[in-house]
Amino acid sequence: MYHLSPQKLLNAAKVLSSYYYARQTKKATHWGLPIALSIEPTTACNLRCPECPSGLRSFTRPTGMLPEELFYKVIDELHPTLSYLTFYFQGEPYLHPKFTDLVKYAHQKRVYTATSTNAHFLTPNNAQKTIESGLDKLIISLDGTSQDTYQQYRIGGKLEKVIEGTKNILHWRKKLKATTPKVVFQFLVVKPNEHQIPEVYALAQSLGVDGVQLKTAQIYDYEQGSPLIPTIDKYSRYAQQSDGTYKIKNALDNSCWRMWQSCVITWDGKVVPCCFDKDAHYVLGDLQQQTFKEIWQGAAYQEFRQQLLVSRSQIEMCKNCTEGMQVLEK
């Protein structure tokens, strides 16, 4: 209830009603501002995960750290209507030297805050600052319950560091008598770790973690198969065909709730449609030159939404989209 307000509820109602109106009329109508937002603290990362541009060091866009002034500008403009803020797009958020200060600023503006981390930088000092920042949700990526399995996807990572960081967070939450952040293990299900799904639940319980969510993996070159595609069908975004090739399970209907309720802001202020545009090919505006409202209600955004309503399958970014099926269980 701390984060809600009549203005935020009214905005959510406007967004929801305009989305259904647009679906019915096939006209890109929008009556509100985003309910949720993802912002990128940095593109830097200490790991080399094989399906991640940060890990592969394969960005074609500029890389860097989010300027504090840009962040404050965004929050000052949007906090009256913004309900949910995710400090993550690409990169490891805790590599930003002022990360917890940014979280604290959003918290003070009564915005619900969440982030996702590989937990290698959750030192006792960072854990204490995280609790004091008011962060509401902390997602810890834990893609294996043994070092051998974990490092097959989290290349360069140490499982013991993840466990240590988790313990640091839970210790400081208890010591400071705080109720937040909610700590969740996120288990990216791939073929090398699918046999450890029961074990991650047991590990979470033994440590006192609040929950576990299983996430399906996005594979870039999936058509000819991949050693990462799970053998357990419900944990795969892709279905094998009679000829041995794979196709995405999503039917790619001409609609997308994300285009009405949220967007992503890169570290340098570019506004892109969603987290599937990892290399920022679909830049719809620049916050270094425009206000957010000018971008959100501008011609480029409306044209993009309109294309989604009539020919979503023609948008390259959308061809590997699995909206609604990434997180399977909690």
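Reader: In this predicted model, what is the distance between the closest N and O atoms in the salt bridge of aspartate 268 with lysine 270?
Author: The structure is a predicted model, and the distance is computed from its side-chain atoms. A salt bridge requires a side-chain nitrogen of Lys or Arg within 4 Å of a carboxyl oxygen of Asp or Glu. Aspartate 268 and lysine 270 meet this criterion, with their closest N and O atoms separated by 3.5 Å.

Reader: Which residues does the network of salt bridges around Asp268 join?
Author: Aspartate 268 forms a salt bridge with lysine 270. Salt bridges that share partners extend this into one network, whose members are Asp268, Lys270 and Asp286.

Reader: Is aspartate 268 buried or exposed?
Author: The cut-off for a buried residue is under 20% relative accessible area. Aspartate 268 has a relative accessible area of 12%, so this residue is classed as buried.

Reader: How is lysine 270 classed by relative accessibility?
Author: The partly exposed class lies between the limits of under 20% for buried and over 50% for exposed. Lysine 270 has a relative accessibility of 24%, and therefore counts as partly exposed.

Reader: Which residue forms a salt bridge with aspartate 76?
Author: The closest N and O atoms of this pair are 3.8 Å apart, and the partner of aspartate 76 is lysine 109. The pair links distant parts of the chain, 33 residues apart: aspartate 76 lies in helix α3, and the loop between α4 (99–108) and β3 (112–117) holds lysine 109. Aspartate 76 has a relative accessible area of 38% and is partly exposed.

Reader: Where are lysine 249 and aspartate 233 located?
Author: The side chains of lysine 249 and aspartate 233 meet in a salt bridge of 3.4 Å, N to O. The two residues are 16 residues apart and link distant parts of the chain. Lysine 249 is in the loop between β8 (246–248) and α9 (258–261), and aspartate 233 is in the loop between β6 and β7 (238–240).

Reader: How many salt bridges does the count come to?
Author: Among them are the pair of aspartate 76 with lysine 109 and the pair of lysine 249 with aspartate 233. Under the distance rule, the count comes to 8.

Reader: Why is strand β5 largely enclosed by the rest of the structure?
Author: Strand β5 comprises residues 182–189.

Reader: Which residue of β6 is the bridge partner of phenylalanine 185?
Author: Strand β5 runs parallel to β4 (residues 137–141), to which 5 bridges join it, and isoleucine 140 stands opposite phenylalanine 185. Strand β6 (residues 211–216) is also parallel to β5, through 6 bridges. In β6, the partner of phenylalanine 185 is valine 212.

Reader: What unit do β5, helix α8 and β6 make?
Author: Strands β5 and β6 run parallel. Together with helix α8 (residues 197–207), they make a right-handed β-α-β unit.

Reader: With which residues is arginine 57 in contact, leaving aside its neighbours within four places in sequence?
Author: Arginine 57 is in the loop between α2 (53–56) and α3 (68–78) and, at a relative accessible area of 41%, is partly exposed. Its C-alpha atom is separated by 9.0 Å from that of cysteine 45, 12 residues apart along the chain. The contacts of arginine 57 are Cys45, Asn46, Leu47 and Arg48.

Terms used:
Residues are numbered from 1 along each chain as its sequence is written. This is a predicted model: local features need pLDDT of at least 70, side-chain atom pairs count only at pLDDT 80 or more; totals for chains, interfaces and linings use all residues. Side-chain values use heavy atoms; hydrogens and water are left out. Buried means under 20% relative accessible area, exposed over 50%, partly exposed in between (1.4 Å probe, protein chains only). Helices (H or I, at least four residues) and strands (E, at least two) are DSSP runs, numbered from the N terminus. Two strands pair if DSSP finds at least two bridges between them. A crossover is right-handed if, with the strands pointing away from the viewer, the path from the first strand over the helix to the second runs clockwise. Contact means heavy atoms within 4.5 Å.
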